[in-house]
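This report describes one protein structure in plain terms. Please look at the sequence and the model before reading on.

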Amino acid sequence: MNVLLKSSTALGLALALTQPAWADMAAATDFLDNEIAGLSTLSRADQEAEMQWFIDAAQPFQGMSINVVSETITTHEYESQVLAPAFTAITGINVTHDLIGEGDVVEKLQTQMQSGENIYDAYVNDSDLIGTHWRYQQVRNLTDWMANEGKDVTSPTLNLADFIGTQFTTAPDGDLYQLPTQQFANLYWFRYDWFNDPDIKAAFKEAYGYDLGVPVNWSAYEDIAEFFTGRTIDGVEVYGNMDYGKKDPSLGWRYTDAWMSMAGMGDKGEPNGLPVDEWGIRVNDKSQPVGACVDRGGATNSPAAVYAIDKAIKWLQDYAPPSAAGMTFSEAGPVPAQGNIAQQMFMYTTFVAPLVASDAVMNEDGTPKWRLAPSPHGVYWEEGMKVGYQDVGSWTLMKSTPVDRAQAAWLYAQFVTSMTVDVKKSDVGLTFIRESTINSDHFTDRADKLGGLVEFYRSPDRVRWSPTGTNVPDYPKLAQLWWQNIGDAMSGAKTSKEALDQLCGDMESVMARLERAGIQGDLGPVLNDKEDDSYWLEQPGAPKPKLDDEDETPMTIGYDELVSSWKQ
């Protein structure tokens with residue numbers, strides 16, 4: 001944890017311990033003076049007005065204790081350790097903000113959905129569950145909530161139009177179901193200093209016949225991975241790729257988080273491919289899932305999907321540190337900060353915070369030795385397809401939560417996403433949710449220290465990175481099938497094709513049960529009859545037939561040229 005978070009945590013705990021239960025503006029003033037300290041897009045007068053609104057709105061809930069939960073990342077640590085105690089001191093509502101693994105968050109949410117027991121008063125869960133929430137109707141529709149039961153506790157300064165991720169938390173019915181509280185993309189990461197070293201550039205050009213640069217396609221990525229692996233640079237043995245492969249719930253995210261779309265498995269369409277999405281699930285014109293296997297028109301076991309898994313396994317085995325195969329998401333994420341990785345196909349930008357704190361990959365003047373850029377795409381990819389994943393962790397209120405507890409939790413959710421605190425929260429966690437924060441003077445000043453992160457979020461390309469869409473009818477049930485089956489391919493127990501055949505069949509078994517049960521009504525799955533694979537492979541779009549040559553001509557682009565295109 002960085003020093004900033006440690007000192008902020010101490011302040012937050014001090015606020016909670018020293019303020020009286022009947023909290024007033026004095027606690028808010030202390031918070032604004034000592035924690036926000038002018039780091040906000042609002043004037044001090046507007047900050048105080050926003051805090052006064054929270055104080056007034058919280059009056060009916062004085063002394064209430066509520067419990068909320070999120071996964072453990074830097075942004076949520078800041079919310080839990082700093083903002084929750086401050087909110088308690090300011091409003092008199094006692095908040096326990098638990099931090100657990102993302103898989104555990106989904107499990108708790110699923111248990112509450114199935115049992116109706118109020119385990120948590122609010123959840124931060126990924127917008128990847130939007131299809132689940134919309135179909136099951138077990139979470140509060142926030143559009144309705146803000147107009148009715150939540151009206152008196154909805155801040156007049158919430159400013160939904162300022163949020164950059166609400167398109168991902170809005171269902172096909174046009175209503176908002178979740179409120180973003182952190183957002184991060186997966187981008188290509190590379191050692192800018194090495195890629196611009198004259199000797200290294202010359203050696204690459206001599207070996208491969210083209211310029212070393214940001215890879216546009218997977219063929220170039222593979223060449224670069226091969227070139228760097230085994231080299232010694234500055235006394236350090238270097239690897240040309242970083243990834244993870246442990247059979248663990250996080251292995252599923254590695255693939256459902258748009259890897260298959262980046263390979264070119266699905267259909268064109270933004271924010272998600274239609275009718276076939278990045279999970280390989282096909283829907284009909286009523287948004288009803290109709291299949292995942294090729295013989296029902298899906299693409300999860302298609303040639304493009306096999307290509308995607310085969311490439312990931314090859315690169316993990318041939319170009320990553322040997323320990324990577326036994327790592328999880330959270331273990332692998334900080335490894336590039338150690339200074340021995342040349343590039344990573346996609347870096348979840350939530351790990352930029354530890355990168356910035358690492359002397360091994362930062363220059364003495366505070367600028368990074370690395371940069372972020374769009375991830376390259378696979379041979380099956382076509383213009384107009386999804387190019388990458390964006391995680392949108394969002395506040396979600398269950399219908400099984402009593403109204404008064406949901407109202408108190410909604411106040412907390414708005415506090416931690418408010419314009420008063422958002423610049424400071426973003427400064428700590430680097431997971432942007434507001435346009436005003438991204439375009440603030442503060443991040444203009446800090447941009448050259450963040451390796452392209454600010455430029456990316458200010459670019460028109462930003463919207464092309466998106467979360468899992470609404471084709472997925474039950475995220476908790478289907479997501480667990482990915483890591484279990486792909487884990488078999490990673491370990492060598494099955495070929496990629498065998499693992500994907502099992503995966504799509506398992507997903508269809510779940511969808512068939514949902515169809516028989518009818519619990520999702522007219523929004524639930526209606527599986528297609530099976531056809532010969534050739535029938536679907538001959539149709540336009542996904543699933544796509546196997547290419548005769550899956551090794552396309554490698555292409556790279558200069559990083560500075562790329563960033564210039566973002567600014568146009």
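A residue counts as buried at under 20% relative accessible area, as exposed at over 50%, and as partly exposed in between (1.4 Å probe, protein chains only). Helices (H or I, at least four residues) and strands (E, at least two) are DSSP runs, numbered from the N terminus. The model is predicted: local features need pLDDT of at least 70, side-chain atom pairs count only at pLDDT 80 or more, and totals for chains, interfaces and linings use all residues. Residues are numbered from 1 along each chain as its sequence is written, and side-chain values use heavy atoms, with hydrogens and water left out.

**Overall form**

The protein has 24 helices and 13 strands. Its radius of gyration is 24 Å, close to the 24 Å that the globule rule gives for 568 residues, so the protein is as compact as a globular protein of that length. Here the radius is taken over C-alpha atoms, and the rule is 2.2 Å times the number of residues to the power 0.38. Along the principal axes, the C-alpha atoms fill a box of roughly 70 × 60 × 40 Å.

Of the 568 residues, 62% count as buried. A contact means heavy atoms within 4.5 Å. Among contacts with a separation of 6 or more, 76% are between residues 24 or more positions apart.

**The nonpolar cores**

A nonpolar core is a set of buried Ala, Val, Leu, Ile, Met, Phe, Trp, Tyr and Cys residues joined through side-chain atoms within 4.5 Å. The largest one has 134 residues, and Trp218, Trp259 and Met507 are among those with the most contacts inside it. Helix α13 (residues 303-319) gives the most to this core, with 11 residues. Leaving out residues up to four places away in sequence, Trp259 touches Trp218, Arg254, Ala308, Ala312, Trp315, Met345 and Phe346. Apart from this core lies another, of 49 residues, including Ile55, Ile93, Ala408 and Val421.

**An enclosed helix**

How many residues of helix α17 (residues 419-429) are buried? The count is 11 of the 11, so the helix is largely enclosed by the rest of the structure. Leu430 follows α17 and has a positive phi, near 60 degrees.

**Loops and backbone angles**

| Bond | Omega |
|---|---|
| Leu274 and Pro275 | about 5 degrees |
| Ala542 and Pro543 | about 0 degrees |

Pro275 is in the loop between α12 (259-263) and β8 (282-283), and Pro543 is in the loop between α23 (533-537) and β13 (556-557).

Gln137 has a positive phi, near 55 degrees, although it is a residue other than glycine. Gln137 lies in the loop between α6 (130-136) and α7 and is partly exposed, at 32% relative accessibility.

The loop between α7 and β4 holds Asn159, whose phi is positive and near 55 degrees. Asn159 is partly exposed, at 36% relative accessibility. Leu160 is found in the loop between α7 (142-147) and β4 (179-190). Is Leu160 buried or partly exposed? Its relative accessible area is 28%, so Leu160 counts as partly exposed. Apart from neighbours within four places in sequence, Leu160 is in contact with Met146, Thr166, Leu176 and Leu179. The C-alpha atoms of Leu160 and Phe61, 99 residues apart along the chain, are separated by 24 Å.
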